[in-house]
Amino acid sequence: MTARAIRGHEAALELLERALALDRVAHAYAFVGPSGIGRKLTALAFAQALLCRSRSRGEAGEAPRPRPLGGCGSCSPCRRVQAGTHPDCHLVLPDGQTIRIEQIRELERWASLRPREGPQKIFIVDEAERMPPVSANALLKTLEEPPDRTVLILILSQAKALPPTVLSRCQLVRFAPLPLADAVAVLGEHGVEEATARSLAAACQGRVGLALGQAPHAWRERRDNAVALLSKVSAEGGETLFDSVEALGRDRAQAAELIEALLLWHRDLLCAKAASDPRLLISGDRQAELSLAAGATSWAAILEALVACREAWHALQGNVSPRLTLEVLLSRLALGAASG
Ligand SMILES: [Zn+2]
């Protein structure tokens with residue numbers, strides 16, 4: 001895995017490459033940006049660069065020169081970083097819904113020890129926004145007195161998801177979604193046929209990791225379920241709404257997927273209403289139905305639905321409960337559909 005596998009993010013890669021070349025790697029980084037765009041891939045490439053055996057360290061006196069981020073990819077440390085088995089590269093993931101304080105204590109314990117075999121220890125905390133305050137505070141101790149030869153990488157979607165005390169001790173590295181053309185190209189490289197790649201890249205809004213993580217039919221299925229749910233709730237009202245929200249609101253990720261599917265559906269409705277080029281539709285496979293629905297829905301109702309989806313998205317990011325978020329969203333959408 002090298003920078004060749006990572007698309008876009010030039011500024012982020014350059015910052016990390018320079019730190020390596022100048023031997024000025026920070027104790028802690030915060031990789032901030034939406035999921036599925038390469039934050040973790042970059043963190044692993046950085047870990048490889050730090051642990052690779054073949055990566056030359058540059059001659060003394062030689063001007064430091066940035067190199068493509070990553071290791072050689074074939075030495076034993078590189079291969080074990082990739083496989084998740086290197087004893088000096090630790091990946092911390094949420095245990096269920098949160099990153100528990102016990103996990104942070106474990107991280108602290110490892111960080112206080114000497115590296116097992118490499119020159120340093122790397123800790124990658126994925127979905128760091130899932131640290132409740134008690135875990136974030138525990139981590140603060142490590143950040144305030146960074147253990148020797150330790151690099152900590154926090155991966156999170158929004159900077160404001162962590163207390164400023166934690167974030168201010170990390171070097172911020174920002175990641176933006178890939179431009180659509182890049183996203184289509186990456187999907188193409190992974191063997192996704194072009195028309196599908198275009199709709200998938202648009203559906204995932206440039207988050208290629210998400211697009212690759214799901215078969216095209218899986219995305220369509222989710223969209224179909226979301227649209228079916230909305231018509232059912234619109235037709236049947238209260239009881240159905242309550243039951244669906246009860247079932248779907250248990251899982252934040254699932255709620256986010258539902259909101260996204262509904263947002264993209266209404267975005268398509270807007271395109272259909274404007275009678276724009278059908279190739280712009282994400283759900284091109286349901287074009288006839290979209291035209292019909294667009295004819296029966298007012299501009300105001302479509303725009304209000306888009307606003308409702310956006311607000312729901314932000315509410316969920318801002319830690320409003322998935323249940324409440326879906327309840328508000330589906331009521332607004334159903335009401336809008338009823339008024340046409
Ligand atoms: Zn290597």
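Two strands pair if DSSP finds at least two bridges between them. Helices (H or I, at least four residues) and strands (E, at least two) are DSSP runs, numbered from the N terminus. The model is predicted, so local features need pLDDT of at least 70 and side-chain atom pairs count only at pLDDT 80 or more, while totals for chains, interfaces and linings use all residues. Residues are numbered from 1 along each chain as its sequence is written, and side-chain values use heavy atoms, with hydrogens and water left out.

**View A. Strand β1 within the parallel sheet.** The open sheet has five strands in the order β2-β3-β4-β1-β5, with parallel pairing. Its edge strands, each pairing on one side only, are β2 (89-92) and β5 (171-174). From one strand to the next the twist averages 20° (axes are lines fitted to C-alpha atoms, for helices over the stretch in contact, and angles run from 0 to 180 degrees between N-to-C directions). Strand β1 (residues 28-32) runs parallel to strand β4 (residues 150-156) and is joined to β4 by five bridges.

View B. Five of the five residues of β1 are buried, and the strand is mostly covered; buried means under 20% relative accessible area, exposed over 50% and partly exposed in between (1.4 Å probe, protein chains only). In a regular strand the side chains alternate between the two faces of the sheet. A28, A30 and V32 lie on one side of β1, Y29 and F31 on the other, and all of these residues are buried.

**View C. The aromatic cluster of Y29, F31, F46 and F175.** These four residues, Y29, F31, F46 and F175, form one aromatic cluster. The structure holds three aromatic pairs, where rings of Phe, Tyr and Trp (its six-membered ring) pair if their centres lie within 6.5 Å, and planes under 30 degrees apart count as stacked, over 60 as edge-to-face and the rest as tilted. Y29 and F31 form an edge-to-face pair, with 6.4 Å from centre to centre and 65° between the planes. Y29 has a relative accessible area of 0% and is therefore buried. F31 also counts as buried, because its relative accessibility is 0%. The pair of Y29 and F46 is edge-to-face as well, at 5.5 Å centre to centre and 90° between the planes. Because Y29 lies in strand β1 and F46 in helix α2 (residues 39-51), this pair ties together parts that are 17 residues apart in sequence. Both partners, Y29 and F46, are buried.

**View D. The zinc site.** The SG atoms of C52, C72, C75 and C78 coordinate the zinc ion at 2.3 to 2.4 Å. Donors are N, O and S atoms within 2.8 Å of the metal (3.2 Å for Na, K and Ca); water is not among the atoms, so sites may look incomplete. The angles among the four donor atoms are 104 to 118°, and the site is tetrahedral (four donors with all angles between 85 and 135 degrees). Along the chain, the zinc donors have the spacing C-x19-C-x2-C-x2-C. C72 counts as partly exposed because its relative accessibility is 33%, whereas C78 is buried at 0% relative accessibility.

**View E. Helix α8 and the residue Q205.** Helix α8 (residues 194-203) has seven of its ten residues buried, so the helix is largely enclosed by the rest of the structure. The buried residues in α8 are T196, A197, S199, L200, A201, A202 and A203. After α8 comes Q205, with a positive phi near 50°.

**View F. D268 in helix α12.** Helix α12 (residues 252-273) contains D268. D268 counts as buried because its relative accessibility is 0%. Apart from neighbours within four places in sequence, D268 is in contact with L280, L281, I282, S283 and L290.

**View G. L333 in helix α15.** L333 is placed in helix α15 (residues 322-339). With a relative accessible area of 5%, L333 is buried. Neighbours within four places in sequence aside, the contacts of L333 are L230, L262, H266, A305, A308 and C309. Between L333 and E289 there are 44 residues in sequence and 18 Å in space, C-alpha to C-alpha.

Definitions and conventions. Tetrahedral: all angles 85-135°; square planar, octahedral: opposite > 155°, others 65-115°. Contact = heavy atoms within 4.5 Å.
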